[in-house]
Amino acid sequence: GYSPQEIKMKAGVPAKLHFQKDYKGGCLSLLVMPDLNIQQSLQLGTTTVEVTPTEPGKYLFTCGMGMYGGYLIVES
């Protein structure tokens, strides 16, 4: 799964999220953030995903199959 499962950030402030993947394949090879229109392949090693949520709220992120996930907690 993902660790940490909750990431706090400020609305309107660009952020770089670093995902570390230690093995090939699996549903964790695809990151999905439906509310931010992001689908990003995660490669072996580190993949950086840049996000800038503009509105406060709780934004879901999951693996490609929706089995593992977490939330971006966006504060004003």
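Start with the pocket lining: it divides into nine nonpolar residues, four polar and two charged in the largest pocket. Before you select anything else, keep in mind that this is a predicted model.

**Stop 1: the largest pocket**

The volume of the largest pocket is about 270 Å³. Select Gly-1, Tyr-2, Ser-3, Phe-19 and Gln-20, which are the closest to the pocket's centre among the 15 residues lining it. Now colour strand S2, residues 15-21: this strand gives the largest share of the lining, five residues.

**Stop 2**

The peptide bond joining Ser-3 to Pro-4 is cis, and its omega is near 0°. As for its setting, Pro-4 belongs to the segment before strand S1 (6-10).

**Stop 2: Asn-37**

Next, select Asn-37, in the loop that runs between strand S3 (30-33) and strand S4 (38-41). Is Asn-37 buried or exposed? Asn-37 is exposed, because its relative accessible area of 73% is over the 50% cut-off. Look at its backbone as well: phi of Asn-37 is near 55°, a positive value in a residue other than glycine.

**Stop 3**

Move on to strand S5 (residues 45-51), where you will find Glu-50. Glu-50 has 58% relative accessibility and so counts as exposed.

**Stop 5**

Now pick Phe-61 in strand S6. What is the relative accessible area of Phe-61? The value is 1%, so Phe-61 is buried, since buried means under 20%.

**Stop 4: a nonpolar patch**

Finish on the surface. Which residues form a nonpolar patch there? Select Met-65, Met-67 and Tyr-68, which together have about 350 Å² of accessible area. Zoom in on Met-65, placed in the loop between strand S6 (57-63) and strand S7 (69-75). Met-65 counts as exposed because its relative accessibility is 62%.

Definitions and conventions. Residues are numbered from 1 along each chain as its sequence is written. This is a predicted model: local features need pLDDT of at least 70, side-chain atom pairs count only at pLDDT 80 or more; totals for chains, interfaces and linings use all residues. Side-chain values use heavy atoms; hydrogens and water are left out. On a 1 Å grid over the protein atoms alone, a cavity is a set of points where a 1.4 Å probe fits but cannot get out, and a pocket is an open set with protein on both sides within 12 Å along at least five of seven lines; lining residues have an atom within 4 Å of a point. Grid points are joined across faces, edges and corners, and a volume is the space filled by probe spheres set on the points. Helices (H or I, at least four residues) and strands (E, at least two) are DSSP runs, numbered from the N terminus. Ala, Val, Leu, Ile, Met, Phe, Trp, Tyr, Cys and Pro count as nonpolar, Asp, Glu, Lys and Arg as charged, and the others, Gly among them, as polar. Patches are made of residues with over 30% relative accessible area and no salt bridge: like charges are joined within 9 Å, nonpolar side chains (Val, Leu, Ile, Met, Phe, Trp, Tyr) within 5 Å. Accessible areas come from the Shrake-Rupley method with a 1.4 Å probe; for residues, only the protein chains shown count as cover. A salt bridge is a side-chain nitrogen of Lys or Arg within 4 Å of a carboxyl oxygen of Asp or Glu. Buried means under 20% relative accessible area, exposed over 50%, partly exposed in between (1.4 Å probe, protein chains only).
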